[in-house]
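This report covers charged pairs, a helix crossing and a nonpolar core. Please have the model open while reading.

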Amino acid sequence: MKISTRGRYALRMMIELAKRQGDGYISLTDLSERLGVSKKYLEQIIPSLSRASFLLTYRGHSGGYRLTRAPEDYSVGEVLRVTEGSIAPVLCVDPDRPSACENIPNCPTYRVWKGLRDVIVNYLDNVRLSDLLSDKDVDLSQVVLGLEPEDRRS
């Protein structure tokens, strides 16, 4: 599984909007400058995030974008699924394509790919935008495991 620039930039944009949650609507120009991503490229990403009800948009002089929910209410997994589609590592374990492979019942590697998919999905679905707002160097695998900050040091 490889995450495209579309998915990576969408996640960065969502994080930037989460950081500025209390600042009202953030303009496309401001987002572009802060992220170092062209306005044209962000314009291609925003519609899918808006259709998924992740963003509120406001047109006009002081228009822009903001999150529809609190940062802790978004998972990295859902942002990537909206922008990337499936996050399955191989086609045979893609839940959107259940009949993608006829060989599943006899495949000796199916369980490996299914297990890998489950680990990826669990990890990405348990990392919240709010987990990414801190400048601290936090091991996100510890966050996913639910360890308290003191427990993360061991």
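E16 is buried, at a relative accessible area of 10%, where buried means under 20% relative accessible area, exposed over 50%, and partly exposed in between (1.4 Å probe, protein chains only). The model is a predicted one, in which local features need pLDDT of at least 70 and side-chain atom pairs count only at pLDDT 80 or more, while totals for chains, interfaces and linings use all residues. Residues are numbered from 1 along each chain as its sequence is written, and side-chain values use heavy atoms, with hydrogens and water left out.

E16 sits in helix α1; helices (H or I, at least four residues) and strands (E, at least two) are DSSP runs, numbered from the N terminus. Beyond its neighbours within four places in sequence, E16 is in contact with L31, R34 and L35, contact meaning heavy atoms within 4.5 Å. The C-alpha atoms of E16 and I26 are 9.5 Å apart in space, and the two residues are 10 apart in sequence.

**Salt bridges**

A salt bridge here is a side-chain nitrogen of Lys or Arg within 4 Å of a carboxyl oxygen of Asp or Glu. By this rule the model has nine salt bridges. Three of them, including the one made by E16, are listed with the distance between their closest N and O atoms.

| E16 | R34 | 3.6 Å |

D125 is partly exposed, with a relative accessible area of 22%, and R81 is partly exposed at 33%. Elsewhere, salt bridges with shared partners join E16, R20, D23, D30 and R34 into one network. Within that group, R20 counts as buried at 13% relative accessibility, whereas R34 is partly exposed at 49%.

What does the salt bridge of E16 with R34 tie together? E16 forms a salt bridge with R34. E16 is in helix α1 (residues 5-19) and R34 in helix α2 (residues 28-35), so the pair links parts that are 18 residues apart in sequence.

**The crossing of α1 and α2**

The axes of α1 and α2 come within 11 Å and cross at roughly 110°. Axes are lines fitted to C-alpha atoms, for helices over the stretch in contact, and angles run from 0 to 180 degrees between N-to-C directions. The two helices α1 and α2 are therefore roughly perpendicular (65 to 115 degrees; under 35 counts as roughly parallel, over 145 as roughly antiparallel, and the rest as oblique). On the α1 side the contact is made by R12, M13, E16 and L17, and on the α2 side by L31, R34 and L35.

**The nonpolar core**

A nonpolar core is a set of buried Ala, Val, Leu, Ile, Met, Phe, Trp, Tyr and Cys residues joined through side-chain atoms within 4.5 Å. The largest one has 30 residues, and M13, M14 and L55 have the most contacts inside it. Two or more residues each come from α1, α2, α3 (39-51), β2 (64-67), α4 and α5. Helix α1 gives the largest share, seven residues. Residues up to four places away in sequence aside, M14 touches L49, F54, L55, L67, Y74, V79 and L129.
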